[in-house]
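User: Can you take me through the salt bridges in this one? Here is the model.

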Amino acid sequence: MINEKTKQSKLITSKYDRMFKAIMCENKDILESVLSTVLDRPVKIISFLNPELNIKNLKERNKTLDLTIKLDDEFINCEVNTSHSLSTRVRNLNFFYSFVSQLVKRGNEYDTKTKYIQINLTYGLSDKHKIIEEYTFKSSDTVYYDNHKIIEVNMDKINELWYAKSELDISKYKYLMMLNIDTIESLQVLGKGDYIVEKYSKNLETLNEDRDFIWGLTWEEDKEKIHRSELTEAKEEGFKQGTKQKASEMANEMLKANIPIETIQEISKLSIKEIKALKNYKEN
């Protein structure tokens, strides 16, 4: 039975990564439906992997991925992003190549067959971005290596499609739409007769009624606002130094995955000289 107060009030949605993880890790079928929508093909999850990345030295901060999933012949890292800032993109690339470097080496050989995909469910993308965009290593006409792929989902455009009420779009994207619908009443409209949306809605309602769980999320929201304010107030030079440090960390992980220096330069924006210095330091 639906709680009438919950039905009409605003819910904390899966825009928050903790809510997303809490629902998806306990409901493979819901996550499979989300991933199938993004990849435009059926998905069968084999297992969830440890989201904690290896820490290589005492000064390095803990790195925790939102979700890491093993399919039949590929691995997926799924991240929920509340912004599309440069620091968010650098962090995601850093996490992705840390994730890949832990899995790509098998014994004395490198695994060249398995596919590695990062799916970013991102809020705050501009209108110039498509609903779903795919990035691989390629020039304008030649694919260099397509086993590493990043897929960016424009969640704001997904929200716009829901409000436009196009039956065709709702049918195609409803499992993405449900992630940021913030009332049970709207979820009931979206999921009428759909088992996955109805199951997701029940899980979301249950977690929103859990005061301890919601308190944690509210605290995280406040923490995020404080963090954004601190970033805004920070000096431009300090921001540049932090961004360059993250770019260096990302380049290191890409070097470990044997990505060509020219490709690393294009993505990290470090100079060839800086990347070669990192490579030489790593080898010595």
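This is a predicted model: local features need pLDDT of at least 70, side-chain atom pairs count only at pLDDT 80 or more; totals for chains, interfaces and linings use all residues.

User: How many helices and strands in the protein chain?

Analyst: The protein chain has 12 helices and eight strands. Both are DSSP runs numbered from the N terminus: helices are H or I with at least four residues, strands E with at least two.

User: And how much of the chain is buried?

Analyst: Of the 284 residues in the protein chain, 45% are buried. Buried means under 20% relative accessible area, exposed over 50%, and partly exposed in between (1.4 Å probe, protein chains only).

User: OK, salt bridges. How many?

Analyst: There are six salt bridges, each a side-chain nitrogen of Lys or Arg within 4 Å of a carboxyl oxygen of Asp or Glu. One of them joins Asp182 and Lys10, at 3.7 Å from N to O.

User: Where do Asp182 and Lys10 lie?

Analyst: Asp182 is in the loop between helix H6 (167-177) and helix H7 (184-190), and Lys10 in the loop between helix H1 (4-8) and helix H2 (17-24), so the pair ties together parts 172 residues apart in sequence. Asp182 is partly exposed at 24% relative accessible area, while Lys10 is exposed at 63%.

User: What about Arg41 and Glu74?

Analyst: Their side chains meet in a salt bridge at 2.9 Å, N to O. Arg41 sits in the loop between helix H3 (28-39) and strand S1 (47-48) and Glu74 in strand S3 (residues 74-81), so this pair ties together parts 33 residues apart in sequence.

User: Is Glu74 buried or exposed?

Analyst: Glu74 is buried, at 5% relative accessibility. Arg41 is partly exposed, with a relative accessible area of 32%.

User: Which helix holds Glu253 and Lys256?

Analyst: Both are in helix H10 (residues 236-256), three residues apart, and so separated by about one helical turn. Glu253 is buried at 3% relative accessible area; Lys256 is partly exposed at 27%.

User: Last topic: what share of contacts is between residues 24 or more positions apart?

Analyst: In the protein chain, such pairs account for 63% of the contacts with a separation of 6 or more, a contact being heavy atoms within 4.5 Å.

Methods: Residues are numbered from 1 along each chain as its sequence is written. Side-chain values use heavy atoms; hydrogens and water are left out.
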